[in-house]
Amino acid sequence: MSQYTIYIQAPAYLDQWLRHHYWDEDSKRVVFQRGSAPQAVLYSLLRQPPRGYVEKPEPGMLPVEVPSFKGINPASRNYLSESGRAALVSACKRLFRSQMYMELGELFGHDVQITDIIYDFMDKHGIERSETNWETLRQMYLRMRKKSQGKLS
């Protein structure tokens with residue numbers, strides 16, 4: 001396990017989901033599985049830090065392990081630019097949406113109460129029951145449902 005950490009700013013629901021599924025208690029940071037999309041982003045976009053750069057996390061930022069890759073020393077490649085951080089957050093959002101689609105997709109064609117299934121999904125995945133989180137996930141669910149129904153027509 002690498003001793004290097006980067007910090008990302010993620011929406012509340014995503015931060016909570018990542019902490020629930022990928023949090024490593026020993027290192028107190030998110031550790032992505034080998035071969036996952038977020039790891040591929042890190043592999044591709046991590047680079048040598050600019051001269052004099054020091055990682056200064058702001059309160060509320062999510063710590064993420066800089067993984068060790070074969071042939072790449074994390075001591076020399078442990079910097080992720082702002083656009084790289086945005087790409088990492090984007091990969092995490094796609095992973096989240098994929099899980100949401102897999103779990104709730106079978107309900108798209110049924111007349112079910114959206115409130116109940118969204119709250120159940122939130123509870124199952126460690127996402128706080130806040131109005132903001134619920135509305136964000138509801139909108140995501142409705143967009144997935146609409147897209148899915150458009151393909152069926």
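Trainee: Which residues does Gln-39 touch, not counting those up to four places away in sequence?
Mentor: Gln-39 touches Phe-32, Gln-33, Arg-34, Pro-67 and Phe-69, leaving out residues up to four places away in sequence. Contact means heavy atoms within 4.5 Å. This is a predicted model, where local features need pLDDT of at least 70 and side-chain atom pairs count only at pLDDT 80 or more, while totals for chains, interfaces and linings use all residues. Residues are numbered from 1 along each chain as its sequence is written, and side-chain values use heavy atoms, with hydrogens and water left out.
Trainee: Is Gln-39 buried or exposed?
Mentor: Buried, at a relative accessible area of 7%. Buried means under 20% relative accessible area, exposed over 50%, and partly exposed in between (1.4 Å probe, protein chains only).
Trainee: And where is Gln-39 found?
Mentor: In helix α2, residues 37–45. Helices (H or I, at least four residues) and strands (E, at least two) are DSSP runs, numbered from the N terminus.
Trainee: Which residues in α2 are buried?
Mentor: Pro-38, Gln-39, Val-41 and Leu-42. They cover an arc of only 155° around the axis, so they lie on the same side of α2. That arc is taken from the directions from the helix axis to the C-beta atoms.
Trainee: What do the buried residues of α2 pack against?
Mentor: β1 (5–8), β4 (62–65) and α3 (82–104).
Trainee: New topic. Which residues make the contact, and what is the handedness, where α3 and α4 cross?
Mentor: The crossing of α3 and α4 is right-handed. Phe-96, Gln-99, Met-100, Glu-103 and Leu-104 of α3 meet Ile-117, Ile-118, Phe-121 and Lys-124 of α4. A crossing is left-handed if the near helix is turned anticlockwise from the far one by less than a right angle, and right-handed if clockwise.
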